[in-house]
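Q: I'd like to learn how to read a protein model, starting with its rings. Can you walk me through it?

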Amino acid sequence: MSALPMPPRRLTGAAAWVAVLAAALAGCASGPPPQPALPTLPTAFANVPGDAQPGEPAAAFWQGFQDPQLDALVAQALSANFDLRLAVARLREARALARLADANLLPQVSGTAGAARVRDFNGPNNALATQTLYGVGLDVRWEADLFGRLSAERRAAQAELLSVESDAQALRLSVSAEVARNYFELRGLQERLRVSTASLQTQESTLRLVQARQEVGRGTGLDTERARALVQRTAAGVPALEAALQRTRYRLAVLCG
């Protein structure tokens, strides 16, 4: 006969507490392993210059180039830009609304005063007399912000003011940066055109010298064709530089109104 399986025994008393403690210790032992601390990067490897100044770009960064013509162009662009004028108008509106929201939290006091001259038969023996009547009125009104509506309106107005100020500052910086970029591009094109014109004159002189050497038998036709090709290649690049220079001038004219 096969042996009957023994029913599981129920742990009671001290045995039950021992089993619970063993399970708790096993759970702690099977937890996630501790993470090692990450090494900190030395400051020498940060690759940050010693004179670096964190922060936003300077509002008048173009003045650092000490170019009076650039300063005049930026000033003209900032005063003639219609988008910037609209941003300034929105900034004034936001500031007025913020002041109004602040004032709504304070008591409102209003007063009236007036004077009038009245002619009536109030004198002695019912004679016609003139009287001056004065009137003064005072009104005080204050709304208690029980549910925080006025405070919420004030915070919303302040947030809107900060947003409009940031937009205006970003637009001002964008306009000035665009003027500075086109100005330096214009100066670069002018210098490239000057160098190309000077090189063309030198190459033309060289071509005449090579032709003279060929005429006296001390040069070849290959040298002459090489010099002529160099002149033609340089001359072909001059109109492109002139066109780019003119386009940059047009962009500056549009930016400056």
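Predicted model: local features only at pLDDT ≥ 70, side-chain atom pairs only at ≥ 80, totals over all residues.

Q: How many aromatic pairs does the structure hold?

A: Rings of Phe, Tyr and Trp (its six-membered ring) pair if their centres lie within 6.5 Å; planes under 30 degrees apart are stacked, over 60 edge-to-face, and the rest tilted. Here there are two aromatic pairs. Phe65 and Phe184 are edge-to-face, with 4.8 Å from centre to centre and 65° between the planes. That pair links distant parts of the chain: Phe65 is in the loop between α1 (14-29) and α2 (68-80), and Phe184, 119 residues apart from it, is in helix α4 (residues 149-215). Helices here are DSSP runs (H or I, at least four residues), numbered from the N terminus. Tyr183 and Phe184 are edge-to-face too, at 5.7 Å and 65°.

Q: Is Tyr183 buried or exposed?

A: Buried means under 20% relative accessible area, exposed over 50%, and partly exposed in between (1.4 Å probe, protein chains only). Tyr183 counts as buried because its relative accessibility is 2%. Phe65, at 47%, is partly exposed, and so is Phe184, at 34%.

Q: Which residues have the most contacts inside the largest nonpolar core?

A: A nonpolar core is a set of buried Ala, Val, Leu, Ile, Met, Phe, Trp, Tyr and Cys residues joined through side-chain atoms within 4.5 Å. The largest one has 21 residues, and Leu70, Val74, Leu78 and Val179 have the most contacts inside it. Helix α4 gives the most to this core, with seven residues.

Q: What are the buried residues of α3?

A: The general idea first: an α-helix has 3.6 residues a turn, so residues three or four places apart point the same way. In α3, the buried ones are Leu84, Ala87, Leu91, Ala94, Ala98 and Ala101. They sit on the same side of α3 because they cover an arc of only 95° around the axis, taken from the directions from the helix axis to the C-beta atoms. On the other side of α3, Phe82, Leu86, Arg92 and Arg99 are exposed.

Key. Residues numbered from 1 in each chain as written. Heavy atoms only, no water. Helix = DSSP H or I, 4+ residues; strand = E, 2+ residues; numbered from the N terminus.
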